[in-house]
Structure formats: structure tokens, C-alpha cells
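Please look through the following structure, and keep the sequence beside it while you read. The briefing below goes through selected residues, grouped by topic.

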Amino acid sequence: MKNLTIKTFFIFLLLSILVIGAVYTALFIFTPYSNEKKYAAYVEAESKAAVEKCMSSDAEDGNDILNSLVARTGADVKLLDAQELKNDIPEVEFGKPDSNNPDFTYPFRFQNSDTEYMLKVTCSDVRIKDYQKSVQKSIPVVVILSIILSFAGAKIFSYYMKRPIVRMSKIAQRMSEQDFDWYCPDERDDEIGVLAKSLNKLSDELSAALTKLNDKNLYLKNEISLEKERERRRMLFFSGVSHELKTPISVVIGQIEGMRSGIGVYKDRDKYLEKCSNTLNELVNFINEILLVSHIDMGDVDDQKTTRIDSILDEEIAFYDGLITEKNIELEYEVPDNVNFRGDENLLKKALGNVLGNAFKYTPEGGTVKVQLTKLSDDEEGSGVELKVINSPAHIDEQHLSHLFEAFYRADTSNKDGSGLGLYITGMVLEMFDAEYSIRNTDEGVEFKVVQ
């Protein structure tokens, strides 16, 4: 039986049967009309009490006493004087019933009379039979009534108890499916109300915990995706490193082998020793840049320092004075003093040096390079700074713009100078310092912008 209403009906019915059985058992035990033995004892006790009342009362009251005895016991009662006793009653021991005829006789005198009377009480089975018939007739009625009451009780119980339990069962089912967009409305003071409040509290706590767990899972997924992307970039980076190292090393080995063998042009050892030295110096610089990339990638840098970006720009511009003069470049330099930038000084110098170096390198003779530094706020910690470096006339194909900050990527494939890591390092440094950067084509030329 899976239905709570049916279970409740049978429980109520069983309880009703037990109660009915208890009631009928009590009636059998305590009612004097349930059997002949109890009835005879009851009649005997009532008769003795009636005789005692008659002996203490006047003859005028005797009729009422005897009528009351008949009404209570249902027995046949006769009041005989001594003469009638001689004619009607055989010799018996007064006060004791005959074993075959449950009669009781009691001699007595009224208080105001000298006449001796005899009270004869005969037990009648009419009342016993009427009582038993009444009990038998009541049983079907009581059983039907108990069934009706059990059914009504089950319905009332279902309405008052089953309905909120079923509702909370459905809510628990929804909770198991991670659905917490509900509220249990049972505002009661009993155990059901306490359970409903506990269920609401549990739902809120589970919802909050699930939200936190989802946030952490999302964060973890993002971290995993970011780490995978970093790993992919590392693999590509080291693949590029091996490629970039292979060519100059092979060239140096070939030149040394040629000089050792004295083959052709390699007989001029001084000339090719100088070339080997220059190539090896370039490799040293390249390896230093690789180490710098590894250093940045491991995050072994204090990114909370504050440095003077205007001083770094002044120093880097001074470094390129010779190239500016050689190419007759017009420099528009708008850099205020005392502008702070949050980041490591050496790394920032490397990043901005790469940007300025590219600007001067790819600006044609007679072109213009504009360096504009703007302080967007008065925050002494270094936030609110914007730097623009614009070189004109210059233009980069749109297909190259999104790849310029990738390792070993060259928009100009004919130019083999440099390691191909300049802008890659610049991007890593600026990302470490939470700075936004971009490079785009404008009407003035190519614009590189940094905002922190």
C-alpha cells in the first residue's frame, strides 16, 4: 500500500475495532445483565438492600421501595405475609436461592408493624435476553459507524497531514534535481511547520553552496583553459626557440669547420671569426630574452612596485637620438614630469624600449614619431595613465595586427633583424602589470596605446 490515505484508513479502522472490543469487554465485565450468574448476584444484592430499607421504613413506603427494586432488576417480586407463606412457599432456607430456581426469600417486618412479611424475589431471564439482543443489534451499527468514521478520519488526516507532506516530497525531489526556485508555504506551529522551515533553510544553504561551487568550477575551468592556452603558447614558444637557435648555430658550426679545413673564402679566418663572434653575441642576447620570457612567465616579479614612467621614456628617447638624427625623424614629445606607473622599472624599460625601437625603425626618413603621455587621474599609486606612440607615415596590413604580439611573428618576413620576441615580451610585461594595450592603424599612422 503506497497510498498514505489507504494506510491511514486501515490504521483508524484497526484502532476503532480495538476500541469497540474494549468497550464490549468492559460492558461484559461491569454490566450485571451480561450473564445469569452476574444477574443473580446483582438481584441478590439489590434485594438485600431493599429489605434493609423496608425494615427501617413504614409500611406505607414499602410499595415504592419494592417498585424501585423491580425497575432496577427486572425480577419478579412478591410480598407475602406469614399465612400466604405457609400456603405458597415450601420449606426453604431463608435468604438462599434454590439451585434449580434462582429465587430469593427474605423475612422482615416494617418499622411500624408487627406483622411478619416475606419478600420473594424471582430472577427473570427476560432482561438478560433483551440486553444480549440489544448488544447483538448494536454490533453491525457500530462497525458501520466505525468504518465511516475511519474513512472520514483518513480524509481529514490526508487533508491536514498528507497534503503538506506530499508537497514537501515534491520539493525534495526538485532539490535532488538541483532546482531551488521554490518556497515551502506551510507556516504552521507544529512539527510540519518546523520541517517546512528547515526545508526552506536547507534549500537556501544548498542553493548558496551550489552557487559558490559553480563559481569555483567556472573559475577552475577558466584556470584550466588558461593553463592549457599557456601550455600551448609555451610549446609554440619553445618550438620557435629551437628553430631560431638552430639556424645561427648551424651557421657558426659551418664557418668554424670551413676555417679549420681552410676551404675557399674561409681561409680569411679573421673575417669569419668576427662573423662568428657577432652571431654568438646575437645568440647571447636571444638567450637572455628567452630567460626574461621564462622569468616573466613564472611570475617571479613584484608587480606592485611604482616607477616613474616619464623618466623611462626620457632615457629610451635619449638612447635613440642617433637614429632619430640619422633618419631626420620629427619627434613630437609630450611627456609631463612625475607620472607614476605601477610595475617593475627594468621590465617596463624593456617593454617601452621595444615599442619605441619599432616606431623609430619602421618610420621612413623625414617621418614623424609622436610620444604622448597623459595622466588620467591624480592617483599617486600609478593608475589612470595613458601612453600613445604614433609613427607616420606608416601602415600595417590588418591581417598582421592580431598576431604582432605572438612570439617570433614578423609582419615583414624580409627583415631578419631581431629575435622576433620584442612585442611578445612587451605584451607579457603589460599584462603582468594589468595594463591594457593595443596597436592599430589610424589616419596619422600606426598607433600603439597603453592604459593603466
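With the side chain of which residue does the side chain of Thr122 make a polar contact? The partner is Asp103, whose side chain lies in polar contact with that of Thr122 at 3.0 Å; a polar contact here is a pair of N or O atoms within 3.5 Å, where within protein one must be able to donate a hydrogen and the other to accept it, and where residues adjacent in sequence count only if both atoms are side-chain atoms.

This is a predicted model, in which local features need pLDDT of at least 70 and side-chain atom pairs count only at pLDDT 80 or more, while totals for chains, interfaces and linings use all residues. Residues are numbered from 1 along each chain as its sequence is written, and side-chain values use heavy atoms, with hydrogens and water left out.

- Thr122 belongs to strand β3, which covers residues 117-122; helices (H or I, at least four residues) and strands (E, at least two) are DSSP runs, numbered from the N terminus.
- Thr122 has a relative accessible area of 18% and is therefore buried, given that buried means under 20% relative accessible area, exposed over 50%, and partly exposed in between (1.4 Å probe, protein chains only).
- Asp76 is placed in strand β1, residues 76-81, and with a relative accessible area of 47% Asp76 is partly exposed.
- Although Asp76 and Thr122 stand 46 residues apart along the chain, their C-alpha atoms are separated by 4.9 Å.
- Ser124 sits in the loop between β3 and α5 (126-176), where Ser124 counts as buried because its relative accessibility is 13%.
- From Ser124, the side chain reaches the backbone nitrogen of Val126 at 3.4 Å.

**Salt bridges**

- Over the whole structure, a search finds eight salt bridges, a salt bridge being a side-chain nitrogen of Lys or Arg within 4 Å of a carboxyl oxygen of Asp or Glu.
- One of them joins Glu46 and Arg72, with the closest N and O atoms 2.7 Å apart. This pair links distant parts of the chain, since Glu46 is in helix α2 (residues 36-55) and Arg72 is in helix α3, 26 residues apart.
- Within this pair, Glu46 is buried, at a relative accessible area of 18%, whereas Arg72 counts as partly exposed at 28% relative accessibility.
- Asp310 and Arg308 form a salt bridge whose closest N and O atoms are 3.0 Å apart; Asp310 is buried, with a relative accessible area of 1%, while Arg308, at 33% relative accessibility, counts as partly exposed.
- Glu447 and Arg440 also form a salt bridge, the closest N and O atoms being 3.0 Å apart; Glu447 counts as buried at 5% relative accessibility, and Arg440 is partly exposed, with a relative accessible area of 42%.

**Surface patches**

- A patch of negative charge on the surface gathers Asp58, Glu60, Asp61 and Asp64; patches are made of residues with over 30% relative accessible area and no salt bridge, like charges being joined within 9 Å and nonpolar side chains (Val, Leu, Ile, Met, Phe, Trp, Tyr) within 5 Å.
- Ile11, Leu14, Leu15 and Leu18 make a nonpolar surface patch of about 400 Å²; accessible areas come from the Shrake-Rupley method with a 1.4 Å probe, and for residues only the protein chains shown count as cover.

**Backbone details in loops**

- The peptide bond that runs from Ser392 to Pro393 is cis, with omega near -5°, and Pro393 is placed in the loop between β8 (385-392) and α11 (398-401).
- Asn338 is a residue other than glycine with a positive phi, near 55°; Asn338 lies in the loop between β5 (330-334) and β6 (340-342) and counts as partly exposed at 49% relative accessibility.
- Asp434, in the loop between α12 (422-432) and β9 (436-441), likewise has a positive phi near 55° in a residue other than glycine, and Asp434 is exposed, with a relative accessible area of 57%.

Methods
Lys, Arg positive; Asp, Glu negative; His and termini not counted. Charge placed at Lys NZ, Arg CZ, Asp CG, Glu CD.
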